[in-house]
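Please consult the sequence and the structure shown below while reading.

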4 protein chains.
Amino acid sequence: MPKVTSAHKAEVRDRIVQAAIESFSQTGYDKTKMDDISRRLGLSKGTLYLYFKSKEDLFLGVCEMSLKAGDKHDAHLFTKKENAASDAEEIFDNIRRRERGNDRVMLEMVVESTRNPRLKKAMYEYHLKVHEHVLEGLKKKVEEGFIRKDVDVAGIAIALVALYDGLAVNRMLGLNDSVNKKAWVAMLKAVIAGSS
Amino acid sequence: MPKVTSAHKAEVRDRIVQAAIESFSQTGYDKTKMDDISRRLGLSKGTLYLYFKSKEDLFLGVCEMSLKAGDKHDAHLFTKKENAASDAEEIFDNIRRRERGNDRVMLEMVVESTRNPRLKKAMYEYHLKVHEHVLEGLKKKVEEGFIRKDVDVAGIAIALVALYDGLAVNRMLGLNDSVNKKAWVAMLKAVIAGSS
Amino acid sequence: MPKVTSAHKAEVRDRIVQAAIESFSQTGYDKTKMDDISRRLGLSKGTLYLYFKSKEDLFLGVCEMSLKAGDKHDAHLFTKKENAASDAEEIFDNIRRRERGNDRVMLEMVVESTRNPRLKKAMYEYHLKVHEHVLEGLKKKVEEGFIRKDVDVAGIAIALVALYDGLAVNRMLGLNDSVNKKAWVAMLKAVIAGSS
Amino acid sequence: MPKVTSAHKAEVRDRIVQAAIESFSQTGYDKTKMDDISRRLGLSKGTLYLYFKSKEDLFLGVCEMSLKAGDKHDAHLFTKKENAASDAEEIFDNIRRRERGNDRVMLEMVVESTRNPRLKKAMYEYHLKVHEHVLEGLKKKVEEGFIRKDVDVAGIAIALVALYDGLAVNRMLGLNDSVNKKAWVAMLKAVIAGSS
DNA sequence: TATGAATGAGCCTTCATTCAT
DNA sequence: TATGAATGAAGGCTCATTCAT
């Protein structure tokens with residue numbers, strides 16, 4: 001829905017979304033004023049409306065961008081049981097690196113999605129994609145003989161994603177992230193031990 | 001202050017909090033109007049201010065109440081490996097029964113807590129209590145010999161709570177809860193298998 | 001659409017409409033700020049919204065009130081040809097007295113009505129009522145033998161109303177009202193002479 | 001300033017005014033955006049400001065142009081009483097043809113003129129010119145012996161113009177124009193009958 | 001001369017909060 | 001204690017106007 005369409009104008013749009021992410025992360029969607037975002041950018045309020053027709057539309061832009069962000073991979077890990085702990089840590093760090101700063105917005109998005117069907121659908125689908133991505137990784141491990149065939153990998157995949165989300169909640173509550181990582185590692189080790 | 005009046009006051013206060021929980025769950029904190037809450041109660045807006053000095057104060061009341069709610073126990077479960085699956089399901093259902101309807105408010109509370117230190121502290125401490133509660137349960141299982149001694153039960157405890165929270169997020173996104181339960185069961189079975 | 005319903009609250013509503021009429025008359029609909037109206041009343045802006053859900057709604061309230069205002073009668077006049085001039089003057093003054101101050105709003109209403117079907121309908125029907133009212137008066141004159149039977153009284157009725165409206169336009173343009181009255185009298189005299 | 005450029009400028013200026021007339025007619029002065037006008041022309045918003053220094057200035061340009069438009073004549077009519085009706089109709093059609101589409105803007109101009117002295121003066125003078133024009137026509141009829149000498153032709157002239165204006169209001173309200181024409185004819189016939 | 005992205009003052013509307021009854 | 005009309009600060013959004021290209 002960009003009103004302004006030309007070469008580098010997509011870049012401005014991106015900058016706006018970035019600023020919005022920062023603002024929404026710090027203040028939350030409702031408490032963030034359009035003015036805050038524009039001032040953060042050194043732009044005028046009116047300019048935002050050249051790129052997004054409303055505050056909600058901008059939020060949707062943020063969602064879109066956030067949902068696009070997660071796509072990298074952590075294959076090649078978990079090939080030896082002995083490395084389980086360090087492998088788990090690496091994955092945790094990888095995900096966190098990707099998400100850095102987005103936790104808050106993500107939660108907002110989840111909350112908001114209960115009211116906004118369009119957003120809910122987008123998030124739902126993104127979640128499915130993540131589940132699939134993880135599931136694929138697990139399946140490879142099954143093929144490699146690293147995980148037993150009779151394990152419900154689909155269930156495990158969903159659970160792993162949920163586990164990470166839940167730890168993100170912990171982080172927001174101020175739980176030291178090293179504790180979260182420990183929890184993640186402990187769980188993963190147990191899972192691997194129990195599944196292989 | 002006579003006891004009777006006091007009792008009445010406490011009761012009205014509770015009713016207000018209940019109504020607030022419902023409203024916040026449906027519309028979210030920011031989008032809920034004091035008017036909505038009072039109308040839901042059949043009370044006048046002004047009355048709310050006799051019991052809570054501000055909307056935020058009311059929200060804190062909601063938090064307080066929500067945090068008080070979770071305390072029951074699921075000991076006696078997980079005594080035989082063979083029952084792992086059904087035991088896991090029972091736990092899932094128990095928790096869900098306790099939390100029913102509160103998911104949304106909980107998330108809001110987490111989000112809000114990043115801005116409100118008082119709330120953050122309360123939620124943090126509640127989380128710790130829950131962790132301890134779960135940890136205690138796990139420790140009993142260690143004593144019973146059901147879980148190996150070299151397992152990081154503290155980590156597992158935190159992870160289990162996080163897992164549940166993450167599944168609550170899934171639920172909010174519209175993921176069918178039977179899928180969530182499956183994920184929960186799959187994970188718990190693996191954990192038990194790997195830890196015992 | 002009054003949100004506030006009680007005894008004297010209708011009076012407040014009326015006062016608001018009155019203030020709105022004055023403001024709209026002086027500044028025009030678009031250029032009038034809700035603030036102007038509330039300040040004129042010594043009320044707060046917010047209060048207006050307890051009685052009217054939007055600026056447009058308030059304008060509709062003004063229309064409604066304005067349309068209700070015109071209902072009096074000038075029968076008993078025009079019974080003798082000799083009095084035609086003074087009778088005409090009396091009618092002119094009567095109408096002007098009723099409309100005093102509303103010319104401007106009326107014009108605004110007409111202009112606005114081209115965009116607002118609801119308003120257009122209301123004004124159209126009001127006009128018809130006025131036409132009928134005048135027509136009835138004329139018919140009586142026909143019965144009394146004051147006007148010839150072969151005159152198109154329906155056409156004359158409409159024309160008389162239009163004539164008055166057109167003179168109101170003159171008035172707005174600054175044409176001295178005594179000139180308008182003269183025109184009115186000249187026309188009416190000619191009409192009577194030609195119709196009787 | 002070379003003549004050629006000047007000619008081009010004048011033409012563009014005219015096109016802008018035309019577009020403005022159309023826009024103002026459809027949406028009204030206040031609700032019309034400079035953007036609407038420029039888009040209607042296929043010009044950029046900025047260009048408008050090369051020709052008119054403000055929206056109000058453009059409106060004044062529209063007024064100027066509208067006021068220039070009315071100048072044609074209907075002499076030669078009303079020479080025989082028997083033709084009164086058809087003559088009246090012809091006049092009605094002639095005027096309407098000249099004004100076609102301008103009714104709305106005219107009304108806007110009247111309304112606006114109550115706030116804008118410059119505009120008010122222009123419209124006032126234009127009205128006087130029209131009055132004079134009609135008066136002249138009527139005087140000729142007096143000379144021709146078609147109208148009696150003791151009739152207040154000045155008053156009748158003004159009244160005729162007002163009558164037409166009033167019927168234009170009717171038209172805006174959705175009154176079928178054939179009804180308006182009938183009213184016009186009825187009135188004119190009566191006037192002629194009464195004045196000759 | 002022409003453009004159209006950027007500006008920012010301004011206005012409608014909402015809603016938490018107060019207070020007279 | 002309970003009410004609900006009144007308040008007014010605050011924020012989303014619009015649009016006339018400017019200016020660098």
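The model is predicted: local features need pLDDT of at least 70 and side-chain atom pairs pLDDT 80 or more, whereas totals for chains, interfaces and linings use all residues. Residues are numbered from 1 along each chain as its sequence is written, chains are lettered from A and ligands numbered from 1 in the order in which they are written, and side-chain values use heavy atoms, without hydrogens and water.

Of the atoms of DNA strand E within 4 Å of the protein, sugar or phosphate accounts for 69% and bases for the rest.

The following table lists polar contacts, that is, pairs of N or O atoms within 3.5 Å.

| Side chain | Atom of DNA strand E | Distance |
|---|---|---|
| A:Thr47 | phosphate oxygen | 2.7 Å |
| A:Tyr51 | phosphate oxygen | 2.9 Å |
| C:Lys45 | base oxygen | 2.8 Å |

A further residue, B:Lys189, lies in helix α9 (residues 177–195) of chain B. B:Lys189 counts as partly exposed because its relative accessibility is 44%, between the limits for buried (under 20%) and exposed (over 50%; 1.4 Å probe, protein chains only). Beyond its neighbours within four places in sequence, B:Lys189 is in contact (heavy atoms within 4.5 Å) with B:Ala84 and B:Ala85.

Notes: A residue is near a molecule or strand if one of its heavy atoms lies within 4 Å of it. A polar contact is a pair of N or O atoms within 3.5 Å; within protein, one must be able to donate a hydrogen and the other to accept it, and residues adjacent in sequence count only if both atoms are side-chain atoms. Helices (H or I, at least four residues) and strands (E, at least two) are DSSP runs, numbered from the N terminus.
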